[in-house]
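Hi,

Here is the structure I promised to pass on. Have a look at it first, and then read my notes below.

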Amino acid sequence: MSPESSPRPTILIVDDGPEIIEVLVELLGENHEIIFSTTGRQALRLVAAAPDLILLDINMPDMDGYAVCRELKANKDFRDIPVIFLTSYSDNEELIKGFAEGAVDFITKPFLPNELLARVTTHLQLRMAKREVELKNSELDEAWRLVRHQKEELAEWNANLKNRVLQQTALIRNKAEEARQRTDRSQTVTETFVNLFTKMLELRHTQLIKHSRGVATIATSMAMALKLQQAQRKNIEIAALLHDIGLVCASDRVAMFHGVLARDDYEEYMNHTITGEDFMYMVEELREIGRIIRHHHENFNGTGYPDKFSGKKIPLESQIIHVANYIYDLFTKETGLDVKYRITSKLAMVMGTLFDPELAAAADRAIQEFIPETEKPQSDSKEPQK
Ligand SMILES: [Fe+2]
């Protein structure tokens, strides 16, 4: 801000000579606001008007200019007001003392008007320039304060965001770990009991486990052909392996039968589906397997057992095992050439009655994969002739 563009600057004139004050008012009054005092003490009161410059006489009766200047410089509210001493004489000692008290300049009386105006104008301009710098500095300080505040807020926000992300990540990680542990535990339990039940089949009769493994291989092949999900394929594999686990409780005559069963034995045989489900029900992880096992002798036309389910009501997994069971039994009975062809032909004859025709293609593919070209199967049939 320049003096020209600002309100008229105020000058405090302090001199015990009224004629000096009169001359100064004459010289400066046109472009400046003038307040004046003839004593030092009164000047210290008038300074509350915050003049932009003080013209201060040194030699005054009550309180000399040095003392007035000293008090002004001791007050933080007034110490920045430039003081120009007015003196009737000038020597080096006086100059040194005046500057030591805080004066910015000296004007010797009687003064030259142009010199006086030049010095006053110069110091007012310096004063304005200093104020402008102070104002800019203040604005800069405020700007920096705002920047620092924003940086602190941003840092705090980022820190909180990071903490929130870390908390969420930890939460998800813990849940994932719990889920993994549950899955691991579940898999361990499943594997343990599958091994246990498989061993039971093997101990009951080697033919039982051989039959189960054969049916599991064919059923798994069909599940692959049907492009079932991995979890569903795994269930089919396990259920196929254990589908006859109920037979471990059956009599030797039923468990290892060949040919046609008597009526009472057949009823005992049919019960192996329910017994198998009961075994699986004991293990929570295998209950779905139990449901599949229960229905592995249901026929598509509703003539099977134990619930006489028909069509799509029969679980798909159970239907697949039923087909695989049928294929494996034919495989153990058929001998000679063209075994695949004869099995495929016989299977085709019961599609729509025993089995869902939609499973025919998957069954054919499983037959192609399961039966080697040169295989000469040996009879190990255990299924009742119906
Ligand atoms: Fe069975």
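Before the sheet, a word on terms: two strands pair if DSSP finds at least two bridges between them. Helices (H or I, at least four residues) and strands (E, at least two) are DSSP runs, numbered from the N terminus. Also, this is a predicted model, where local features need pLDDT of at least 70, side-chain atom pairs count only at pLDDT 80 or more, and totals for chains, interfaces and linings use all residues. Residue numbers start from 1 along each chain as its sequence is written.

**The sheet**

With that in hand, D57 stands opposite L86 in strand 4, and I54 stands opposite V83 of that strand. Strand 3 and strand 4 pair in the parallel sense, over four bridges. They belong to an open sheet of five strands, in the order 2-1-3-4-5, with parallel pairing. Strand 2 (33–37) and strand 5 are the edge strands, each pairing on one side only. From one strand to the next the twist averages 20°; angles here run from 0 to 180 degrees between N-to-C directions, and axes are lines fitted to C-alpha atoms, for helices over the stretch in contact.

Is strand 4 (residues 83–87) largely enclosed or open? Four of its five residues are buried, so the rest of the structure largely encloses it. Buried means that 20 or more other C-beta atoms lie within 10 Å of a residue's own; with 12 or fewer the residue is exposed, and in between it is partly exposed (C-beta atoms are placed from the backbone).

**Two helix pairs**

Helix 6 (residues 206–225) packs with helix 7 (residues 230–241) at about 160°, their axes 8 Å apart. The two are therefore roughly antiparallel (over 145 degrees; under 35 is roughly parallel, 65 to 115 roughly perpendicular, the rest oblique). The contact includes S212, V215 and A219 from helix 6 and I236 and L241 from helix 7, where contact means C-beta atoms, placed from the backbone, within 7 Å. By class, this contact has eight nonpolar, three polar and three charged residues. For the classes, Ala, Val, Leu, Ile, Met, Phe, Trp, Tyr, Cys and Pro are nonpolar, Asp, Glu, Lys and Arg are charged, and the others, Gly among them, are polar.

Helix 13 (residues 339–350) and helix 14 (residues 360–370) pack at about 160° too, with axes 10 Å apart. That makes helix 13 roughly antiparallel to helix 14. Among the residues in contact are I343 and L347 of helix 13 and A363 and I367 of helix 14. Here the count is six nonpolar, two polar and two charged residues.

Most residues other than glycine have a negative phi, and most peptide bonds are trans. So which spots are worth a look?

- A cis peptide bond joins K109 and P110, with omega about -10°; P110 sits in the loop between strand 5 (105–108) and helix 5 (113–204).
- Another cis bond joins Y305 and P306, with omega about 10°; P306 is in the loop between helix 11 (287–294) and helix 12 (316–333).
- A50 has a positive phi, near 55°, and lies in the loop between helix 2 (40–46) and strand 3 (53–57). A50 counts as exposed because it has 11 C-beta neighbours inside 10 Å.
- K308 also has a positive phi, near 55°, in the loop between helix 11 and helix 12. With 13 C-beta neighbours inside 10 Å, K308 counts as partly exposed.

Cheers

Key
Two residues are in contact if their C-beta atoms, placed from the backbone, lie within 7 Å.
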